[in-house]
Amino acid sequence: MPDTLLLQDLDRAHVWHPYAAMPGRDAPLLVESASGVRLRLARPVEGHDELIDAMSSWWAAIHGYGHAVLDAAVRDQVGRMSHVMFGGLTHEPAIRLATRLVEITPEPLEHVFLTDSGSVSVEVAIKMCLQYWRSRGRTGKTRLLTWRGGYHGDTFQPMSVCDPDGGMHALWAGVLPRQVFADAPPTGFAADPDPAYCAHLADLVERHAHEVAAVIVEPVVQNAGGMRFLSPGYLRVLRELCDRHEVLLVFDEIATGFGRTGALFAAGHAGVAPDVMCVGKAMTGGYLSMAAALCTGEVARGIGRGDFPVLAHGPTYMGNPLAAAVAGASIDLLLGQPWEAEVARVGTGLRTGLAPAREVPGVRDVRVLGAIGVVQLDHPVDGPAAARAAARHGVWIRPFRDLVYTMPPYVIGDDDLSTVCAALVAAAEAG
Ligand SMILES: *Cc1c(COP(=O)(O)O)cnc(C)c1O
């Protein structure tokens, strides 16, 4: 296909990719179509013209590609309207989605702000918390507290609570708001909370409560910050500290939501409810960009009692009907099947299939939680070499830092899952 080379040249010349230099250095693979768990490439790579997507397109495509139910939801909605403004107008897909989100998230979360991306939902969550305290006359509460090792998105407020040792803080010193950072939490999903670390959290929350509006964390799994699994017990500790010291608690469930960790939301592992919660990524089944910030009645009422009683935020494409319709369909599809058993099946396959990685020289840790499989090396991964090794097995991965990992679509079959695991082991050897 002669167009392929031309398209790749144009891509390199004009199209910015995530975390990339311009003009582009390594040519991205040109994808022609996607179906089930497979990406079809315009040009074969390592002898394969299809790759199994072990990334679920950044953890979003939980039902795979071209799912008949989701395709139909989009098509049906296109037939009615693709978009109308959300100021002064409303529509059934957004109303049904918001109601559904309230039903399936922890009890006190009652109000839903739909946004166009995860980062913006974190911006809105932070705005809710800052404005809540401002409206209550506590104008000194302007900072956020988080633990190191997190990731909350790429716009400026979310960046300010990402792990400060990642490159972005050094680059933006003097520009980013200065937040309060706890040490990185000790790892291990099954471990009991470490008393010394809990004391460290208690000390920080207590000392900074007068200036801190909210604690914001990823519950149970720190994702793009390092794929670290944490004891759910820390969420109970944070809930108790926040209540005691009048600080709001925000859970960023953008990566963990909709079953990925084995619970519908990771907060469910701890039985703890936040005051504000962000969801995104898998919410639309990977079809369209939409996220949401949910808050309790108390937070909404607090904002409403202020001199400026509205939440001043309103993206142009807020509540986009196409995205809302497919999100509603994706959630129904998930909950209408034995999703816990499916996620557990994927987890079992990952545990078995990734076990051989423990024997690979240079591998520091192999861990699985829900439908997340991680191979951690004792050195920074050679990303391109690792991705090539996986492609030789017909699998698409995108390693980062010292991590080779997979978050496959829940619908992946057992044979494909074995292939993904073999590809990860090969990638760990090559990387
Ligand atoms: C991906 C992610 C975000 C940012 O979402 P975008 O849709 O990429 O803006 C925020 N928080 C977490 C935990 C994420 O994984």
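**Note on salt bridges and the ligand site**

1. At 56% relative accessibility, Arg96 counts as exposed (over 50% relative accessible area; buried is under 20% and partly exposed in between, with a 1.4 Å probe and protein chains only). Arg96 forms a salt bridge with Glu92, their closest N and O atoms being 2.7 Å apart (a side-chain nitrogen of Lys or Arg within 4 Å of a carboxyl oxygen of Asp or Glu). Both residues lie in helix H4 (residues 92-104), 4 residues apart, about one turn of the helix (helices, H or I of at least four residues, and strands, E of at least two, are DSSP runs numbered from the N terminus).

2. This is a predicted model, in which local features need pLDDT of at least 70 and side-chain atom pairs count only at pLDDT 80 or more, while totals for chains, interfaces and linings use all residues. Residues are numbered from 1 along each chain as its sequence is written, and side-chain values use heavy atoms, with hydrogens and water left out.

3. A salt bridge also joins Arg40 and Glu50, with the closest N and O atoms 3.4 Å apart. Arg40 belongs to strand S2 (residues 38-45) and Glu50 to strand S3 (residues 48-53), so the pair ties together parts 10 residues apart in sequence. Arg38, Arg40, Glu50 and Asp416 are linked in a network of salt bridges.

4. A polar side-chain atom of Asp252 lies 2.7 Å from a ligand nitrogen atom, and an N or O atom in the side chain of Lys281 is 2.5 Å from a ligand oxygen atom.

Technical notes. A polar contact is a pair of N or O atoms within 3.5 Å; within protein, one must be able to donate a hydrogen and the other to accept it, and residues adjacent in sequence count only if both atoms are side-chain atoms.
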